[in-house]
Amino acid sequence: MMDFHTHILPGIDDGSQNLGTTINMFAEEYQQGVDRIVATPHFYANQTSIEHFIMKRERSLEKLKEMSSYETFQMPKLYVGAEVYYFPGIGKAQMLEKLCIQETNILMLELPFCQWTKNIYEDIRLIIEEQKRTVILVHIERYFEFQKNKDVWNAIFELPLYGQINAGSFLKWKRRHTCLKFLTQKYRLVLGSDCHNMETRPPNLAEGRQVIEKKLGRQVLEEIDTLGSHILGT
């Protein structure tokens with residue numbers, strides 16, 4: 001089981017605020033059967049420099065070394081990247097390599113919550129075709145309601161990219177139908193919890209997977225897991 005979207009690193013964004021919360025989040029992921037976790041702290045190019053972001057991320061990772069004193073469970077394997085918020089011109093930005101999941105060319109990209117435009121499509125195309133990055137669009141179900149005109153949406157998902165769905169969206173009846181529909185259509189999808197803490201946005205991958213299995217069958221989960229392993233090269 002892979003959690004492709006987490007804010008589990010301590011003290012770097014609006015996710016875990018301290019090591020204690022991070023330990024509890026890791027423990028919960030382990031209890032749910034998750035063995036691979038992608039850490040995706042927010043990166044906003046209009047708020048911070050890439051150098052400052054990487055410095056904060058390294059400081060956060062240093063804190064994890066203290067976890068050995070508290071561990072009573074086997075740590076899931078951690079992949080470190082970022083949730084990169086779209087900005088105009090990102091398709092030609094030269095610093096994306098530093099924001100990919102470490103030791104991969106995978107970029108976790110968050111798009112605006114508005115009607116998408118041809119410029120957004122072109123930037124994503126450049127990231128994939130010119131920069132040779134593997135793009136995963138995070139929590140795609142959250143954008144769908146804003147796409148009154150689906151032309152750009154359809155064009156983007158015809159590109160060789162992947163989508164990620166939040167497990168929690170399968171627990172909300174307003175979004176469940178859309179998410180299940182995505183899984184039965186042409187989209188190439190992985191799952192993430194988008195967990196931020198243990199109270200309001202806890203790790204919930206197992207709960208979301210239970211809904212998928214109940215509604216669509218075990219084979220769909222196996223296909224999701226196989227795709228995730230392929231993307232991460234594991």
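Tutor: Helices (H or I, at least four residues) and strands (E, at least two) are DSSP runs, numbered from the N terminus. The model is predicted: local features need pLDDT of at least 70, side-chain atom pairs count only at pLDDT 80 or more, and totals for chains, interfaces and linings use all residues. Residues are numbered from 1 along each chain as its sequence is written, and side-chain values use heavy atoms, with hydrogens and water left out.

Student: How do you know what span is expected of helix 3?

Tutor: The expected span of a helix is 1.5 Å times one less than its number of residues. Helix 3 (residues 118-129) has 12 residues, and its reach of 16 Å from first C-alpha to last is close to the 16 Å expected.

Student: Which residues of helix 3 are called buried?

Tutor: Buried means under 20% relative accessible area, exposed over 50%, partly exposed in between (1.4 Å probe, protein chains only). I120, D123, I124, R125, L126, I127 and I128 of helix 3 are buried. Their cover includes strand 6 (106-110), strand 7 (134-137) and helix 4 (151-156), where contact means heavy atoms within 4.5 Å.

Student: What makes strand 8 and strand 9 a pair?

Tutor: Two strands pair if DSSP finds at least two bridges between them. Strand 8 (residues 162-166) and strand 9 have 4 bridges in the parallel sense, and therefore count as a pair.
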